[in-house]
Amino acid sequence: MGYSAAFWMSLRPTFENQFDTGLDRAEDRPMNIRHQGPTPSPSPKPLGALHSASAVPVTSRRQPTMPRIAPNFNKMRYILFGLVTFATTVFASLVQPPYNNSKPPKMSLPIAYERAVVALGTDTNQFHCVSATITTEFSDEGWYFTFCSINHITMPKLIVVEFNGKVIIDGGDR
Amino acid sequence: MKTMLALGAVTIAITTLYASLILPPYNKTKPPSMPLPVAYACAVVALGSDTNQFHCVSASITTEFTPEGEWYFTFYSTNVNSEPKLIAVEFNGKVIFDNGYR
């Protein structure tokens, strides 16, 4: 099965660019070294026999570009690793461990609810409690209340009553 | 072909049955007809002498039992090995112990 010369000539640069073979090219060869490999010819030949690596002088092989960028890449890798570690540490310090459910709360639910309603003030006409859970989101443990509005558009109010009596209205910043 | 049709019909029947068991979530814009402290008092009465060992850690409105909604309380024991007690207090005052079958 024969192929045209134009086909083989178009195939050659593509193959070299993709795999960086460093194989012989006329411009890479020193003048005093006689090329012993098969000369490019328009005659068809099998793909594996395109170039003979044994016939190429070592000096004509092109150096791969990877070693030149490797030190920079290593530095970047260390910086990235450091940043990821730092971010993880900061995030872990913000997230508190969950409440130990076997420990009775220091403030009972009705008392905490009463304090939350007092903190809600006049909004009690519009907001009603839909859930209460013990949380460790803030510095101290406490009851976390969700008050929803009768108005669809209004956002719910989140109120934390810590076991020490402190009341916090959670604005969602944390 | 007949088997395929039968399988399809069975799948549809199971899906319909399952969907009928799951009620839509509570409409949170609607104020509960029973406030939280009253429901809590009902749950504690139902808990009886176990109040010495169990304490409430969460309460929320759900529609697990009725579409109108109910207060759902979780009571944990001071004993780590004990299972928590789940109590639902419907807005009409009916108290249900949730044993996890539903």
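Mentor: This is a predicted model. Begin with the pair α3(A) and α2(B), whose axes come within 10 Å of each other.

Trainee: At what angle do the axes of α3(A) and α2(B) cross, and are the helices roughly parallel or antiparallel?
Mentor: The axes cross at roughly 180°. Angles over 145 degrees count as roughly antiparallel. Therefore α3(A) and α2(B) are roughly antiparallel.

Trainee: Which residues of α2(B) do A:Leu109, A:Pro110 and A:Tyr113 meet?
Mentor: The three residues named belong to α3(A). Their partners in α2(B) are B:Leu36, B:Pro37 and B:Tyr40.

Trainee: What span does α3(A) reach from its first C-alpha to its last?
Mentor: The helix covers residues 109-120 of chain A, twelve residues. At 1.5 Å a residue, 16 Å is expected. The model comes close to that, with a reach of 16 Å.

Trainee: Why do the buried residues of α3(A) lie on the same side of the helix?
Mentor: The buried residues are A:Leu109, A:Ala112, A:Tyr113, A:Ala116, A:Val117 and A:Leu120. An α-helix has 3.6 residues a turn, so residues three or four places apart point the same way.

Trainee: Which elements do the buried residues of α3(A) pack against?
Mentor: They have partners in both chains. In chain B these are α2 (36-47) and β1 (54-62). In chain A they are β1 (127-135), β2 (142-149), β3 (157-162) and β4 (167-170).

Trainee: Which residues touch the most other members of the largest nonpolar core, and which element gives the most to this core?
Mentor: The core has 37 residues, and those touching the most other members are A:Tyr113, A:Ala132, A:Phe145 and B:Ala59. Elements giving two or more residues come from both chains, among them β1 of chain A and β1 of chain B. With six residues, the element that gives the most is α3(A).

Trainee: Which residues of chain A does B:Ala59 touch?
Mentor: Leave out residues up to four places away in sequence. Within chain B, the residues touched are B:Leu36, B:Tyr40, B:Trp71, B:Tyr72 and B:Phe73. In chain A they are A:Leu109, A:Ser131 and A:Ala132.

Trainee: In what order do the elements of chain A run?
Mentor: Chain A has three helices and four strands. From the N terminus on, the order is α-α-α-β-β-β-β.

How values were computed. Residues are numbered from 1 along each chain as its sequence is written. Chains are lettered from A and ligands numbered from 1 in the order in which they are written. This is a predicted model: local features need pLDDT of at least 70, side-chain atom pairs count only at pLDDT 80 or more; totals for chains, interfaces and linings use all residues. The expected span of a helix is 1.5 Å times one less than its number of residues. A residue is buried if 20 or more other C-beta atoms lie within 10 Å of its own, exposed if 12 or fewer, and partly exposed in between; C-beta atoms are placed from the backbone. Two residues are in contact if their C-beta atoms, placed from the backbone, lie within 7 Å. A nonpolar core is a set of buried Ala, Val, Leu, Ile, Met, Phe, Trp, Tyr and Cys residues joined through C-beta atoms within 7 Å. Axes are lines fitted to C-alpha atoms, for helices over the stretch in contact, and angles run from 0 to 180 degrees between N-to-C directions. Angles under 35 degrees count as roughly parallel, over 145 as roughly antiparallel, 65 to 115 as roughly perpendicular and the rest as oblique.
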